[in-house]
Amino acid sequence: MWVMSRRTLPALPLVTLMAAAVLASCGEQESSTRLCKDAQGRRTDDSACEIGRAGHGFVFIPGMMGLPGRGEQISGYSNSAGNGVVRTAEGRTVRGGFGMSARGDSGS
């Protein structure tokens with residue numbers, strides 16, 4: 001028969017605390033949505049940025065809420081993706097997340 005000693009009891013809360021810290025660090029990464037804008041600052045099709053059309057560039061909007069439609073002005077957003085997951089407006093992951101290849105292909 002196993003008998004619990006007083007020395008093993010303090011270790012139990014420590015193990016629980018460490019497990020909670022590990023689980024908390026595994027949370028969802030910060031994400032942003034990548035949109036293409038033209039020289040006038042209007043949203044345009046992503047393919048214009050992907051092929052490097054002059055005057056076009058990607059901007060990164062936090063999350064996926066309230067995205068401007070094609071032709072609408074895009075202003076006040078970063079030209080840098082930051083450290084989190086980057087998705088297209090259609091929801092395809094282009095950088096970050098689990099199981100991603102170095103090519104940035106979502107596999108779908």
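Residues are numbered from 1 along each chain as its sequence is written, and side-chain values use heavy atoms, with hydrogens and water left out. Because the model is predicted, local features need pLDDT of at least 70 and side-chain atom pairs count only at pLDDT 80 or more, whereas totals for chains, interfaces and linings use all residues.

Aspartate 38 is buried at a relative accessible area of 11%, and arginine 42 is partly exposed at 35% (buried means under 20% relative accessible area, exposed over 50%, partly exposed in between; 1.4 Å probe, protein chains only).

Aspartate 45 and arginine 70 form a salt bridge with an N to O distance of 3.3 Å. This pair links distant parts of the chain, 25 residues apart: aspartate 45 lies in the loop between strand E2 (43–44) and helix H2 (46–50), and arginine 70 in the loop between strands E3 (57–62) and E4 (85–88). Helices (H or I, at least four residues) and strands (E, at least two) are DSSP runs, numbered from the N terminus. Aspartate 45 is partly exposed, at 34%, as is arginine 70, at 48%.

Arginine 70 also forms a salt bridge with glutamate 90, the closest N and O atoms being 3.8 Å apart. Glutamate 90 lies in the loop between E4 and strand E5 (93–95), so this pair ties together parts 20 residues apart in sequence. Glutamate 90 is exposed, with 59% relative accessibility. Through shared partners, the salt bridges join Asp45, Arg70 and Glu90 into one network.

Conventions: A salt bridge is a side-chain nitrogen of Lys or Arg within 4 Å of a carboxyl oxygen of Asp or Glu.
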